[in-house]
Amino acid sequence: MKAKADAPGAMLKRERVRDFLLDLVESHRPGDAIPSERALCAQLEVSRPTLRAAVDELVAAGLLVREHGRGMFVAPEKITQELVSAEQSMTVPQAAGTWSSRLLEFTLIPAGARVGRKLRISPAAEIVYVARLRLVDGAPMAIEHLHIKAELVPTLSAEELEAGDLYEHLRRQHGVHVREAVQAIEPTVVTRAEADLLDVPELSPALLFERLTSDTKGQPVEYVHSLYRGDRYRIVSRLTLGPAATAPADRLGHHPGIPPGDFAHRDTIASSTRGDIQAGP
């Protein structure tokens with residue numbers, strides 16, 4: 001593993017604060033109070049701006065609510081609708097432009113409670129944490145946070161994360177064959193730090209993708225959450241409302257939130273829609 005072993009950077013620190021707050025949300029009921037910002041800063045040993053940025057993100061995402069003079073509370077549950085297709089498969093065309101990656105952080109860390117639950121491992125088990133900026137034709141498009149079981153990729157390198165298709169590297173170099181992904185998409189806004197990386201104004205609209213990927217044995221491989229620019233990225237879903245006269249031909253491509261090339265080797269993705277993604281001009 002060619003990962004950094006020094007002190008966590010700003011990106012990782014914000015990620016750990018975010019995970020802690022999400023764990024609080026998931027372990028409490030709607031309407032429950034959570035500790036004050038001052039108490040959380042002391043508990044997590046972070047500055048007020050770092051904590052507030054994470055809280056602002058969850059407030060914008062509708063997971064926390066602030067009440068003046070009373071504190072912070074877990075927000076009411078969201079209404080969720082699943083779009084289910086009979087085939088339980090997805091094929092989509094390529095997005096426009098040439099995609100590339102710039103590595104922001106790459107290190108080994110304990111999974112923690114929330115990510116450990118998602119990957120079905122102990123909170124103390126090691127994971128590879130990766131933050132990378134995704135670019136289209138050289139312009140920033142998304143910030144991606146990856147959490148991969150360390151035992152699956154002991155020799156994962158920075159070069160694999162910056163060039164080529166990550167799932168191709170997992171398949172060829174590490175013997176990891178991804179098969180299925182469950183993904184949620186929600187609207188949000190960018191924080192000041194995210195805005196600087198994406199070259200957009202603070203509080204600009206964005207799309208939050210959260211994905212859990214499993215292998216051919218049904219075991220979790222990675223948990224990813226990505227932030228895509230709302231001004232440059234859109235989703236178009238095609239819903240089958242009745243039987244087709246003839247079955248359409250398969251089309252190779254990528255899942256929303258997964259840039260072109262990923263899952264390109266016909267490792268199928270269980271999904272609820274068929275769609276395409278188009279980057280704006």
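**View 1. Contact between helix α1 and helix α2 in the predicted model**. Val17, Phe20, Leu21 and Leu24 of α1 touch Leu40, Gln43 and Leu44 of α2, contact meaning heavy atoms within 4.5 Å. Sorted by class, this contact holds six nonpolar residues, one polar residue and no charged residues (nonpolar: Ala, Val, Leu, Ile, Met, Phe, Trp, Tyr, Cys and Pro; charged: Asp, Glu, Lys and Arg; polar: the others, Gly among them). The axes of α1 (residues 10–27) and α2 (residues 37–44) come within 12 Å and cross at roughly 125°; axes are lines fitted to C-alpha atoms, for helices over the stretch in contact, with angles from 0 to 180 degrees between N-to-C directions. The two helices are therefore oblique to each other (under 35 degrees is roughly parallel, over 145 roughly antiparallel, 65 to 115 roughly perpendicular, the rest oblique). Helices (H or I, at least four residues) and strands (E, at least two) are DSSP runs, numbered from the N terminus.

The model is predicted: local features need pLDDT of at least 70 and side-chain atom pairs pLDDT 80 or more, while totals for chains, interfaces and linings use all residues. Residues are numbered from 1 along each chain as its sequence is written, and side-chain values use heavy atoms, leaving out hydrogens and water.

**View 2. His145 in strand β6**. His145 lies in β6 (residues 139–149) and counts as buried because its relative accessibility is 7% (buried is under 20% relative accessible area, exposed over 50%, partly exposed in between; 1.4 Å probe, protein chains only). The side chains of His145 and Glu15 are joined by a polar contact of 3.4 Å, that is, a pair of N or O atoms within 3.5 Å; within protein, one must be able to donate a hydrogen and the other to accept it, and residues adjacent in sequence count only if both atoms are side-chain atoms. Beyond four places in sequence, the contacts of His145 include Met11, Tyr129, Tyr223 and His225.

**View 3. Glu160 in helix α5**. Glu160 belongs to α5 (residues 158–162) and, at 9% relative accessibility, is buried. Its side chain reaches the backbone nitrogen of Ser157 at 2.9 Å. Outside four places in sequence, Glu160 contacts Thr155, His169, Gln173 and His174.

**View 4. Helix α6 and its ends**. In α6 (residues 166–174), the buried residues include Leu166, Tyr167, His169 and His174. The buried residues of α6 pack against β5, β6, α5, β7, β8 and β9. At the start of α6, a side-chain oxygen of Asp165 comes to within 3.0 Å of the backbone nitrogen of Tyr167. Just after α6, Gly175 has a positive phi of about 65°.
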